[in-house]
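Thanks for coming. I will go through some side-chain contacts and surface patches, one group at a time. Please keep the structure open while I talk.

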Amino acid sequence: MEKLKLITKLGYGMGDLASNLVFQMTVIFLLIFYTDVLGISAAAAGAIFFAARVWDAVNDPIMGVLVDKTKSKHGKARVYLLYGSIPLAIATVAMFFAPSFTDGGKIAYAAVTYIIWGMLYTMVNIPYSSLTASLTDSPQERTSLSSIRMIFMLIGVITISVAVEPIIAAFGNQKSGYLGAAALFAAVSVVFFLLCFKLTSVAKGSKKKSKESYNLKDVISLLRKNKQLLIITLASFVGNVSVFIRETSAVYYVKYNMGDSGFLSIFLGVVVVSMLISNLLIPFATKVWDKKGTYIIGSVIAIVGSAIFHFIPYDNVTMILVFGAISSFGIAAVSTLGWAMIADTIEYGEWKTGTRAEGISYAIYSFSQKLATAVSAGIVALVLNITDYIPNVEQTGFTLSGILSTLTIIPIAFIVISVLVLIPYKIDKKLFENIMEELNKKRDVA
């Protein structure tokens, strides 16, 4: 099992930093940009998110098959970082442009730009994600890779969380501010994607090619035979709905419940730093409790922290920060370990079926994550609609309670479901070692 060089791990992490500079702009700010700047209704925004994910149900598996069939001197995955990063950056900027169209024109523009952005994000992120399995087959190295990836991801989240509001304030109006922030971080993302492309080239595994050839019609068959892939994909989908609901609703909570949008940078900064600390500890925790056990322990911490947060008064800033940090410390395990566990299911699938399908496995998982962003944004939009939310005015107590529920009660419910779904997952250290021993014997013979 190949031990990766630090420079390779750091280069790999830079890819997630690049991804999250554009992705977190979408998760955290796109809904409030749609409702408070572009001027479309929460219901229309929710419909756009849903329509985009319906298309992704077709688009993502196609991309996964394409990755597995790609032949390039740069490797089957890295080549997409090279050629896809600039189009993705352009789409990100277009998504945060607010044209002076009619209401129908604004909705159409939002739908088209968001769907195009989603397709380009798929074109870059699925190949990037599949590098985890191709860079190393060591379970501990994969956990290390995933933790480093999440640390860089959290650097991206911190950057977006802390910097966007000051940038908007510097521009003097939200319309120009959001566009300027999107342009800045889209440009920086290109730089880090190219660094990821360059630095991962030192790893032999980055140029592995799938030996198997299969078509899109084979996906259902592969899924049916790889139950562990299904379990972790579903568990992570449900868990990440919770993660993304919290990220999306935090902007509304700080702006309206706390009554101070300028506090957003501090609130999100503290939350993300706690997740960063959690990710530094996760590799050590998995040595004691394995990945599944660490996932469950983190989920319990998140549930307890969120339950207490629900009863904190809106003006008790200290307690809001403390329990916002505690719940986020726990929920970091959901985001991090899903990516580490999905890599293990690839070997499991190869062991069970004889087919190594990295691209398709990550396409399925990536789709579940993008679906989670749409479901989470849709849930927040639905709650806002039901509780009579009106942009840029003082909200009623009913609306404030609805916003609070999207930060506490609703995420708690999804975390509980995620843990229940994960219970049948059976790939532990011992099973994985047996799988790799058998696979290596077969590969030596071949």
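Let me begin at helix H14, residues 429-445. Glu 437 and Lys 441 sit four residues apart in this helix, so about one helical turn separates them. Their side chains meet in a salt bridge, with 3.7 Å from N to O. Remember that this is a predicted model.

How accessible are the two partners? Glu 437 has 44% relative accessibility and so counts as partly exposed. Lys 441, at 53%, counts as exposed; the cut-off for exposed is over 50%.

How many salt bridges does the structure hold? There are five.

Asp 36, with 9% relative accessibility, counts as buried.

While we are in helix H8, look at Glu 247, which is also found there. Its relative accessibility is 14%, so Glu 247 counts as buried. From the C-alpha atom of Glu 247 to that of Lys 442 is 45 Å, and the two residues are 195 apart along the chain.

Now the aromatic residues. A search of the whole structure gives 20 aromatic pairs. In one of them, Phe 23 and Tyr 121, the ring centres are 5.4 Å apart and the planes are at 20 degrees, so the pair is stacked. Phe 23 lies in helix H1 (residues 6-38) and Tyr 121 in helix H4 (residues 103-135), so this contact ties together parts 98 residues apart in sequence. Phe 23 is buried at 10% relative accessibility, and Tyr 121 is buried at 6%.

A second pair is Tyr 253 with Tyr 314. Here the centres are 5.9 Å apart and the planes stand at 80 degrees, which means the pair is edge-to-face. Tyr 253 is in helix H8 (residues 227-257), while Tyr 314 is in the loop between H9 (264-309) and H10, so parts 61 residues apart in sequence are tied together.

Last, the surface. Val 273, Ile 277, Leu 280, Leu 281 and Phe 284 form a nonpolar patch there, with about 460 Å² of accessible area together. Leu 281 is found in helix H9 and is partly exposed, at 43% relative accessible area.

There is also a surface patch of positive charge, made up of Arg 224, Lys 225, Lys 227, Lys 352 and Lys 426. Of these, Lys 352 is in helix H10, residues 317-353, and counts as partly exposed at 48%.

That is where I will stop.

Conventions: Residues numbered from 1 in each chain as written. Predicted model: local features only at pLDDT ≥ 70, side-chain atom pairs only at ≥ 80, totals over all residues. Heavy atoms only, no water. Patch = residues over 30% accessible without salt bridge, like charges linked within 9 Å, V, L, I, M, F, W, Y side chains within 5 Å. Areas by Shrake-Rupley, 256 points an atom, 1.4 Å probe, with all protein chains shown as cover. Salt bridge = Lys/Arg side-chain N within 4 Å of Asp/Glu carboxyl O. Lys, Arg positive; Asp, Glu negative; His and termini not counted. Charge placed at Lys NZ, Arg CZ, Asp CG, Glu CD. Helix = DSSP H or I, 4+ residues; strand = E, 2+ residues; numbered from the N terminus. Buried < 20%, exposed > 50% of the residue type's maximum accessible area, 1.4 Å probe, protein only. Phe/Tyr/Trp six-rings, centres within 6.5 Å; stacked < 30°, edge-to-face > 60°.
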